[in-house]
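Please look over the sequence and the model, then read the points below.

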Amino acid sequence: MENNYNLLRDKVIIVTGAGRGIGQAMATVFAQNGAVVYANDVREGTVEEWCEEINRSASGEIRPLYFDICSEGEVKSAIMTVKKACGRIDGLVNNAGVEFNELIGMISRPNMEKMFSVNVYGTVNMLQMVSRVMARQEKGGSIVNITSMTALRGNRGQLVYSATKGAVISLTKSAAKELAEKKIRVNAVAPGLTNTPMMQQADPEKLQSRIDNICMGRLAYPEDIARMCMFLLSDLSDYVSGQVIAVDGCTIM
């Protein structure tokens, strides 16, 4: 499907967790729409594997940026690198996250701490540092946090993961209220089942039973999530803040 609407021309946007999957789709769609995209991942080299081909045809540009969102020092250094290079930061998508699915009684403390560290503390680190830059800009900026449908409806075996994504919803609403006077909008996007490499490894029979609960009859494509984020980063959503938008094909749970 054609992704070039040119909605993000000349905007400077950071996407965390952009090495693969939904984050990769975001970086690609944003660059195709004119943005300078700083594609973050904690794993060195993962962005170069695919961004060069995109950059040859996109009206914008993808620039790899490797750092750990859980490290305040690394986050600060990375944000200052972007600010020095571009003079501003117009958008941030807090996409990086980890997921461990464990039933009650089998929940691992290290896995629980890892999920909260990345999904919650990492999101706060990024939001806090980027909003400081945006607050000094005439036009402010837009921040999009990626949550999950499990945060809204819960799911068996995902107690801790859904708790971390529920925290993302709460911090989104509070940040939106606090930052509105600085012209910074903060919203959240809740993807439903999405056709990523990880999803393709699921048991086909069990996966089909879950697809049967989606009214639109298919999994989301990563680009479906990316285009919603593009809308929230663009000037079309200038009066939208504090919202949690589901992109789930009208799922019945």
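Is K183 buried or exposed? K183 is exposed, because its relative accessible area is 53%, and exposed means over 50%. The model is a predicted one.

**Overall form**

- The protein chain has 9 helices and 7 strands. Its radius of gyration is 17 Å, close to the 18 Å that the globule rule gives for 253 residues, so the chain is as compact as a globular protein of that length.
- Taken along the principal axes, the box filled by the C-alpha atoms is roughly 50 × 35 × 35 Å.
- Buried residues make up 51% of the 253 in the protein chain.
- Among contacts in the chain with a separation of 6 or more, 75% are between residues 24 or more positions apart.

**Surface and charge**

- About 12700 Å² of the protein chain is accessible surface, and carbon and sulfur atoms account for 50% of that.

- In soluble globular proteins, nonpolar side chains tend to be buried together.
- The largest nonpolar core here has 33 residues, and M26, F30, I62 and V93 are those with the most contacts inside it. At least two residues of this core come from each of the helices α1 (21-32), α2 (48-57) and α9 (222-233), and likewise from each of the strands β1 (12-15), β2 (36-41), β3 (61-66) and β5 (141-146). The largest share, 7 residues, is supplied by α1.
- Leaving out residues up to four places away in sequence, M26 touches V15, V93, N95, I146, I225, A226 and C229.
- Another core, of 29 residues, lies apart from the largest one, and V75, L127, V133 and I143 are among its members.

**Positive phi angles**

- Most residues other than glycine have a negative phi.
- D10 is not a glycine, yet has a positive phi of about 70°. D10 is found in the segment before β1.
- K183, also not a glycine, has a positive phi of about 65°. The loop that holds K183 runs between α6 (159-179) and β6 (184-191).

**Two glycines in loops**

- G140 sits in the loop between α4 (109-134) and β5. G140 is buried, because its relative accessible area is 4% and buried means under 20%.
- Not counting residues up to four places away in sequence, G140 touches I89, M134, K182, K183 and I184.
- G140 and A180 are 40 residues apart along the chain, while 9.1 Å separates their C-alpha atoms.
- G192 belongs to the loop between β6 and α7 (197-200). G192 is also buried, with a relative accessible area of 18%.
- Beyond its neighbours within four places in sequence, G192 is in contact with M149, V247 and D248.
- G192 and E178 are 14 residues apart along the chain, and their C-alpha atoms are separated by 28 Å.

Terms used. Residues numbered from 1 in each chain as written. Predicted model: local features only at pLDDT ≥ 70, side-chain atom pairs only at ≥ 80, totals over all residues. Heavy atoms only, no water. Core = buried A, V, L, I, M, F, W, Y, C linked by side-chain atoms within 4.5 Å. Buried < 20%, exposed > 50% of the residue type's maximum accessible area, 1.4 Å probe, protein only. Helix = DSSP H or I, 4+ residues; strand = E, 2+ residues; numbered from the N terminus. Contact = heavy atoms within 4.5 Å. Rg over C-alpha atoms; globule rule 2.2 N^0.38 Å. Areas by Shrake-Rupley, 256 points an atom, 1.4 Å probe, with all protein chains shown as cover.
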